[in-house]
Amino acid sequence: MRSFEFHAPETIIRASELLAMYGDEAKLMSGGTALTTMMKQSLVQPKHLVSLHRLKECREIKLEGEELKVGALATYRQIEMSDLVKTHAPLLTSTYSQVATVRIRNAATIGGGLAHADPAQDPQPALLAIGAQVRLVSSAGERLIPLEDFLVDYYETDLRPDELIAEVIVSTKPRFSKGVYLKYLPRTQDDYATVSVAALGTLKDGLVQDVRVALGSIGPIPIRAKVVEDSLVGLPITDELLEEASNLVADMVDPLDDARGSAEYKRAMAVVFTKRALRKVFGND
Amino acid sequence: MSETSISMKITLSINGTQHESEVPVYRTLVDFLRYDLGLTGTKETCSVGVCGACTVIMNGEMVASCITLAVKADGAEIQTIEGLAQDGQLHPIQKSFINYGGFQCGACTPGQIMAAKALLDINPHPKEEEIREWMMGNLCRCTGYYQIVESITKAISEAQ
C-alpha cells in the first residue's frame, strides 16, 4: 500500500474542512472494508486519508416521531442487531444480516456503504424500497435528499467533495404488512448478488394497497421499479398479474456481463427474482 | 496526539499486555502483529477480507486484520491466537480442534479458532446452524468443514 497522510478528525465539520482542503487528493474512510481493500490493490491511492474512527457523533440509531434515524457510522452488525430497526424497519434487519460475513458487518457502516456506491451492494435496494433519505453535511451547511437522487452511477454519488453522509432517515409510515430482500447467490453465501430484489407490500380487502419494488446488481445503480408497483396497485393478486408485473423489469435493467453471469442471464434472473419476491410479499409462496 | 501524520504512535492492549509502538499509517493490523510484534499466529491469506484467516478479536468483535489499519486499533483491546492458552493449558476450543481433527494444513486454523471464540464469547450455546452461519466466512481449502463444526460443538458440549 502506498503511504499517505493520515487524518483522524473528531468532528464531522472538521472532517468536511479536511476534505475541502485536500479535494481530490483525499479519501474518506469509515469501516474501511472496501477502501482498504482498494488501496491494497492500488486501485485507489489517496494522498490524504481522512478516517472517521475517532468521531463520537453519527453512531446512534434512534426513533424520532415517525422517523428512524440511523447514524452514518452505525455498523451493519449494529443495524442487524438493533431492536429499534427490527420493530420499525424489519426489512433492513433482514437485508443487513445477509451482507457478506459477520466479520465484515462488524466494520462496514451504513454511510460508508452508501458512499462506496457499488451497484451490487445489498442495502441500497432495500433502502430505496423503503424510501430512505440521506442527510448530507459539510462545513457550509446541510441538505436532505432522497436516496434515489443520491445514487448517480457506478461508484458515483451526489456527494460534493466536502460533504459527508451524517444520517440515513427512514420513515416508519406507512407500515407494510410484509417485506423481503431476495439475493440470488449462485456462487457462495458471502458473495455479492447476481441480482437482488427488495419488495414491500400491503394487501387490503384482497387488493394491493401499497407496494414497493427495488432491484440491485442490475446496472449502474440500484433502481426502484415504479412501473412494476403501478401495475399492481388496486388489483387482486393472481399468479398471472405477478407474472405480468415482473416481466416489466426486463426493460428497466441494464446489467453487465461478469463472473456472476451474462447480461442476458441477469436480465432473466431479475424477472424471476422480482416474481419470487412479490410472491413472498403477497403470500402466494 | 496530533491530528495528522505519516506515522503514528499507537497504544493498545494485545492479549492483556499494553503495547506502545510507532507505526507507519499504511501498516495493516495483521502486518503490525506479525512483523512488528512477531505474533505470527495470525495469518494473512486472501488479503482482501474474505477468507477469515486473519481474524482477530478487537474490542470484543471479530475483525479482518488484513483490511484494518493498525492506526485504527489505537486504544483497542486485541485478542490473538497467542493469547488463548492460559498457564500452559490450551483453550478448550484449541483442544477440541486437536481432538476432533479440526484442521489439516493449519493455515486457516488460527482464524477459525478466533472466529469460534468470538461466537462463544457472545453466545455460549449456539445451535449448529448458528455455528455454520457464523463460521461461513472462514474458508478452509482442505475442506475440513465437518470437523471444524464438530470441533466447535464438542468444545461447547464438553465444557458443560
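Visitor: How many residues of domain 1 of chain B are in contact with domain 2 of chain B?

Guide: Two residues are in contact if their C-beta atoms, placed from the backbone, lie within 7 Å. In this predicted model, 15 residues of domain 1 of chain B are in contact with 13 residues of domain 2 of chain B. Domain 1 of chain B spans 7-83 and domain 2 spans 92-159, with bounds that come from an automatic or database domain assignment, and their C-alpha centres lie 21 Å apart.

Guide: As to conventions, residues are numbered from 1 along each chain as its sequence is written, while chains are lettered from A and ligands numbered from 1 in the order in which they are written. Because the model is predicted, local features need pLDDT of at least 70 and side-chain atom pairs count only at pLDDT 80 or more, whereas totals for chains, interfaces and linings use all residues.

Visitor: Which element gives the largest share of the side of domain 1 of chain B that touches domain 2 of chain B?

Guide: Helices (H or I, at least four residues) and strands (E, at least two) are DSSP runs, numbered from the N terminus. The largest share of that side of domain 1 of chain B, 3 residues, comes from E4(B), and E4 and E5 of chain B each supply at least two residues of it.

Visitor: In what order do the strands of the open sheet in chain B run?

Guide: Strands of a sheet pair through backbone hydrogen bonds, either parallel or antiparallel; here two strands pair if DSSP finds at least two bridges between them. In chain B, 5 strands form an open sheet in the order E3-E2-E6-E4-E5, with mixed pairing. Strand E3 (17-24) and strand E5 (61-64) of chain B are the edge strands, each pairing on one side only. Strand E4 (residues 55-58) of chain B pairs with E5(B) in the antiparallel sense over 4 bridges, and Met58(B) stands opposite Glu61(B) in E5(B).

Visitor: Which residues of helix H11 of chain A are buried?

Guide: A residue is buried if 20 or more other C-beta atoms lie within 10 Å of its own, exposed if 12 or fewer, and partly exposed in between, with C-beta atoms placed from the backbone. In helix H11 (residues 239-247) of chain A, the buried residues are Leu242(A), Ala245(A) and Ser246(A). Seen down the axis of H11(A), these buried residues fall within an arc of 95 degrees, so they line one face of the helix; the arc is that of the directions from the helix axis to the C-beta atoms. The face of H11(A) turned away from its buried side carries the exposed residues Glu240(A) and Glu243(A).
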